[in-house]
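Colleague: I'd like to learn how to read a helical core and its packing. Could you walk me through one?

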Amino acid sequence: MSEEKAKEWSARQKFARFLEEHKKRKTPERFVILEKIFSSQAHVGVDTLYKQLLADGYRVSRATVYNTLDLLVEAGLVRRVTLGDGMTRYERVSGSMNHHHLICTRCGKVKEVKAVSTVAELLPKKPRSFEPAYYTLYIYGMCSSCARREQMMRTGIAEKSK
Ligand SMILES: [Zn+2]
Ligand SMILES: [Zn+2]
């Protein structure tokens with residue numbers, strides 16, 4: 001079993017326990033949503049998830065997707081992120097590892113990079129009445145494919161004006 005698969009498997013078990021403890025039904029749709037978030041490094045929005053589920057033949061409502069995401073957040077398996085455009089997206093929580101987000105301002109592609117310091121290093125003095133859990137930086141720029149496209153456009157224009 002790959003490391004990613006193992007992570008997904010332990011998340012499934014944790015979610016199953018959480019649902020039992022909270023007397024919620026363990027429906028297949030709920031586990032598919034977990035799977036979708038864990039199987040990629042994606043930061044997915046509710047609408048994207050909802051459309052993916054419909055495309056896969058699941059008969060879910062938007063409310064089910066919202067409700068399941070709330071449960072996953074409550075269970076500590078998934079967290080909400082906002083990546084500059086104000087839209088709420090969801091991503092898996094992978095242990096205590098912090099990561100940053102490299103966001104392309106042209107196409108919106110998001111790449112994750114490992115963070116070098118911990119929250120404790122970042123905040124030598126623990127704030128009062130707040131329990132820090134993780135931190136993330138949003139670094140904006142241009143991805144390599146957008147940069148290449150930009151370059152091509154520039155040289156194309158230069159050639160035309162000759
Ligand atoms: Zn891009
Ligand atoms: Zn992320």
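Predicted model: local features only at pLDDT ≥ 70, side-chain atom pairs only at ≥ 80, totals over all residues.

Colleague: Which residues touch the most other members of the largest nonpolar core?

Modeller: The general idea is that nonpolar side chains tend to be buried together in soluble globular proteins. Here the largest nonpolar core has 25 residues, and Phe15, Ile33, Ile37, Val65, Leu69, Leu72 and Leu77 are the ones that touch the most other members. Helices H1 (3–21), H2 (28–38), H3 (46–55) and H4 (62–74) are the elements that each give two or more residues to this core. H2 supplies the largest share, six residues.

Colleague: What is Ile33 in contact with, leaving aside its neighbours within four places in sequence?

Modeller: With that sequence neighbourhood set aside, Ile33 is in contact with Leu49, Leu53, Val65, Thr68, Leu69 and Leu72.

Colleague: Is H2 largely enclosed by the rest of the structure or largely open?

Modeller: Count its buried residues: eight of the eleven in H2 are buried, so the helix is largely enclosed by the rest of the structure. They are Glu29, Arg30, Phe31, Val32, Ile33, Leu34, Ile37 and Phe38. As for what covers them, these buried residues pack against H1, H3, H4, S1 and strand S2 (88–92).

Colleague: How do I read the packing of H2 and H4, and at what angle do they pack?

Modeller: Two packed helices are described by the angle between their axes and the distance between the axes. For H2 and H4 the angle is about 65°, and the axes are 10 Å apart. The two helices are therefore roughly perpendicular to each other, and H2 passes H4 in a right-handed crossing. On the H2 side, Arg30, Ile33, Leu34 and Ile37 take part, meeting Val65, Asn67, Thr68, Leu69, Leu71 and Leu72 in H4. By type, the residues of this contact of H2 with H4 divide into seven nonpolar, two polar and one charged.

Colleague: And at what angle do H3 and H4 pack?

Modeller: About 120°, with their axes 10 Å apart. That makes H3 oblique to H4. H3 also passes H4 in a right-handed crossing. The contact is made by Val46, Asp47, Leu49, Tyr50 and Leu53 of H3, together with Arg62, Val65, Tyr66 and Leu69 of H4. Here the residues divide into seven nonpolar, no polar and two charged.

Colleague: Where is Gly76 found?

Modeller: In the loop between H4 and S1. Its relative accessibility is 35%, so Gly76 counts as partly exposed. Beyond its neighbours within four places in sequence, Gly76 is in contact with Lys14 and Val93.

Colleague: Does Lys111 count as buried or exposed?

Modeller: Lys111 has 55% relative accessibility, so this residue counts as exposed. Lys111 lies in strand S4 (residues 110–114). Setting aside neighbours within four places in sequence, Lys111 is in contact with His100, His101 and Leu102. From the C-alpha atom of Lys111 to that of Phe15 the separation is 27 Å.

Conventions: Residues numbered from 1 in each chain as written. Chains lettered and ligands numbered in written order. Heavy atoms only, no water. Core = buried A, V, L, I, M, F, W, Y, C linked by side-chain atoms within 4.5 Å. Buried < 20%, exposed > 50% of the residue type's maximum accessible area, 1.4 Å probe, protein only. Helix = DSSP H or I, 4+ residues; strand = E, 2+ residues; numbered from the N terminus. Contact = heavy atoms within 4.5 Å. Axes fitted to C-alpha atoms, helices over the stretch in contact; angles between N-to-C directions. Parallel < 35°, antiparallel > 145°, perpendicular 65-115°, else oblique. Left-handed = near helix turned anticlockwise from the far one by under 90°. Nonpolar A, V, L, I, M, F, W, Y, C, P; charged D, E, K, R; others polar.
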